[in-house]
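Open the model in your viewer and keep the selection tool at hand.

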Amino acid sequence: MNRELPGAVLVAVMLRSFLLQASWNFERMQNLGVIFTLAPALRLLFRGEALVQAYQRHLVYFNTHPYFAGPVFGATLALEEDAGRGGAASPGVAEFKGMIMAPYAAIGDALFWGGLRPLAAGVALFIAVKGSLWAPLVFLILFNLPHLGLRCLGLVQGYRLGMGLVAFIQRFQLPDLAVRCKEATVVLLGVLSGFLVYSACHRQEVSELWGFFLLAPVYLLTVLARRGWSALLLVILVTALVLALAAMAVS
């Protein structure tokens, strides 16, 4: 189906989507941000009473991951455009948003907060340990490029595909990708820990084989964490132990 919205309007919608949570509220979450984001397109698609009804359709509760808002907005505009032509889309605009906002929020949390951000931080940490000042920039690039791409390209694909967006997103198997990111982060941190132990032994001019004795306390901490000990408490205890050993070495 041919689409009518010009590229300038889609760019305006995309830029406004960055302010989606600026008017977040406890009662209906992101609904005001949705209206602010879609307003340039809705004003072009509807006039008079039809425009008022379009605004009212988006006053309902809405809450999804902000990085997945672009694809949702694109598909929503496609449905609004079909409705403006007199088409009877099933499900309707409100039903479609209500159907996908929760799954996309869960996928976004797992992929970006739980998977990609720790992985980008791990890579940047590895670079920082080597003494490079590029580490913060690397973190910003690794974390921001994927979500900016999803915001921009997702809006375009959502508008082009409409209801087909759901099948399009499913093809990428994003929940599996989130798990792969977490696994890669664990492996990366393990390699980083080994590298730090090797470097410390090398600086102290002792055999690197002493590093294997750290496996016992690491195993102990893992057991305590799996038995429900607070991770913050374990970090504090390890930090206090390291500082005490450092003070003894200095004295």
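Select helix 5 (93-129), helix 6 (135-161), helix 7 (165-170) and helix 8: each supplies at least two residues of the lining of the second largest pocket. Helices here are DSSP runs of H or I, at least four residues, numbered from the N terminus. A pocket is an open set of points on a 1 Å grid where a 1.4 Å probe fits, with protein on both sides within 12 Å along at least five of seven lines; lining residues have an atom within 4 Å of a point. This is a predicted model, where local features need pLDDT of at least 70, side-chain atom pairs count only at pLDDT 80 or more, and totals for linings use all residues. Residues are numbered from 1 along each chain, and side-chain values use heavy atoms, without hydrogens and water.

Which helix gives the most to this lining? Helix 6 does, with six residues. The volume is about 280 Å³. Of the 15 lining residues, Leu111, Pro146, Leu150, Phe172 and Leu174 are the closest to the centre.

Next, the largest pocket, with about 980 Å³ of space. Select Val197, Leu214, Pro217, Val242 and Leu245, which lie nearest its centre among 26 lining residues. Helix 8 (174-203), helix 9 (215-226) and helix 10 (231-250) each give two or more residues. Helix 10 gives the most: eight.

Last stop: Phe18, in the loop between helix 1 (7-17) and helix 2 (31-45). Is Phe18 buried, partly exposed or exposed? Phe18 is partly exposed, because its relative accessibility is 38%, and that class runs between buried (under 20%) and exposed (over 50%), with a 1.4 Å probe and protein chains only.

Key
Points joined across faces, edges and corners; volume = space filled by probe spheres on them.
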